[in-house]
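Subject: Structure handover, salt bridges

Hi,

Here is the structure for your files. My notes on its salt bridges follow below.

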Amino acid sequence: MPSPNSYPTIIQGGMGIAVSSWQLAKEVSIAGELGVISGTAIDSVVARRLQDGDPTGDIRRAMAAFPNQETIKEILNRFFIEGGREAGKPYLDVPKLSIKGNLFSNNLLAVASFVEVWLAKEGHTGIIGMNILEKIQLAIPAQLYGAMLADVDYILIGAGIPAQVPQLLNEISLGNKVAMKVDVADTKEKHYLHFDPRSLGIENFPTKRPLFLAIVTSHALVAYLNKDEETKPDGYVIEYHVAGGHNAPPRAKNHVNEEGEAVYNELDTPNLEKIFASGSPFWLAGGYATPSKVREALSFGAQGVQVGSLFALAQESGFTDENRSSILQSLADPSMRVMTDASASPTGFPFKVIQNNQTLSNDNLYKERTRICDLGYLRTMFQREKGGIGYRCPAEPLDNYEFKNGEVDQAQGSKCLCNALMADIGLGQTRPDGRIEISLLTFGSDLEGPRALRALHPEGWNAMQALNFLKSAI
Ligand SMILES: Cc1cc2nc3c(=O)[nH]c(=O)nc-3n(C[C@H](O)[C@H](O)[C@H](O)COP(=O)(O)O)c2cc1C
């Protein structure tokens, strides 16, 4: 366990899909803070970059350091295209995740997580974390192991209650088989995902067990997780509802207004005195992106802050230049609106969406898109009436969803985040009619920090400039 004065003050938030790139995390880490890569859908990211020819050679350089080269051969054979795909040719998809577990899929998840962490750690001694979503349960064990193989220092998990993660980390680092309880709708039966780290054919145990920070929104959840050594994380990121990405649902009932926006009140404000009294180290996130807010967080007894939006706009982030500059431009517009959309995300959690006519937040573009579920990360499992486990997603074609006993009324506004967020980083799928998937942009709704930094750097900034800004009052 690091001593309090070796904890980072700034955590660069994990932003999916691959907005928190290894390039961004590496710069933050070299500067002495915690750089975090996003592990969300990283298997698809790596597979698509290989199909685009891996022009810089970075992925193959990292792969060459992976301890099982047979696995690497198999992945390269399947996905690598010298010189990149032919123009207009769709990407070959990775296998969808399933509870049965599939060796190729686990290998790919582990290798992709390894690649991203390894690249972020290459050539310096700073610390690196990996962020994943609790909601994508079927990917968790293989991703944890892959990141551990690259000597990851921190794991950060939100969007759900990550009670099983401390034990998973303990067991996987020892090379023990794990059985992770997973959510299956329409049944009371318990279901488990089984994972054997030794199935990857690498005998390197024990591996370093990284520290685990749970991303939560309330003191009640801190008390709940801290109650038992098996569920207690090594610290917390306390995320306020203005944070970018997914937000916890509001605690009050009838919390959606006529515009479909989640509405929060004082019940959603965490009690920092109670969190401080818990004795666990913590960081504050969501609107803690100005020099004075960093100082304020420290005065509450926090170790520091986790910041997302500022870093999403840094030159090293995974956003395409077009998306980065469109957000930068919007910031100059006083009417810029970031909506806490209650129905956009298939997870059912509110999701922050920048209102922008060129993206899927434009209703016409959303309606023109043909629904398809070909990546499937946000599918939920359900018990089939005739037996067996099925998979459904509210953003899939509505008749399919209905056939699978999904509640169609609640699926009307659901957007395919998997495809849209791949488009955000320039890896959008090409469809048979030649169209390319359209972006949907998420961002924090507290614009004070990004606007203040834009005033200093109107043409944009890099990670180092964002860090200097954040730390200028401490
Ligand atoms: C573009 C973007 C994507 C995000 N994606 C994720 C994610 O995949 N997982 C996660 O835990 N948090 C995600 N977040 C939240 C950030 O990690 C961070 O906690 C949050 O942005 C802090 O609030 P701020 O934007 O006001 O700084 C995302 C934020 C942004 C802006």
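Buried here means under 20% relative accessible area, exposed means over 50%, and partly exposed lies in between (1.4 Å probe, protein chains only).

The model is predicted, so local features need pLDDT of at least 70, side-chain atom pairs count only at pLDDT 80 or more, and totals for chains, interfaces and linings use all residues. Residues are numbered from 1 along each chain as its sequence is written, and side-chain values use heavy atoms, with hydrogens and water left out.

D234 pairs with R209 in a salt bridge, at 2.9 Å from N to O. The term needs a side-chain nitrogen of Lys or Arg within 4 Å of a carboxyl oxygen of Asp or Glu. This pair joins distant parts of the chain, 25 residues apart. D234 sits in the loop between α8 (219–226) and β9 (235–239), R209 in the loop between β7 (191–195) and β8 (211–216). Helices (H or I, at least four residues) and strands (E, at least two) are DSSP runs, numbered from the N terminus. R209 is partly exposed, at 26%.

D363 and K367 also form a salt bridge, again with 2.9 Å from N to O. Both lie in helix α13 (residues 363–368), 4 residues apart, so about one helical turn separates them. D363 is partly exposed at 41%. K367 is exposed at 62%.

D433 bridges to R435, with the closest N and O atoms 3.3 Å apart. D433 is exposed at 53%, and R435 partly exposed at 47%.

There is also a network: salt bridges link K121, D151, D153 and K208.

Best wishes
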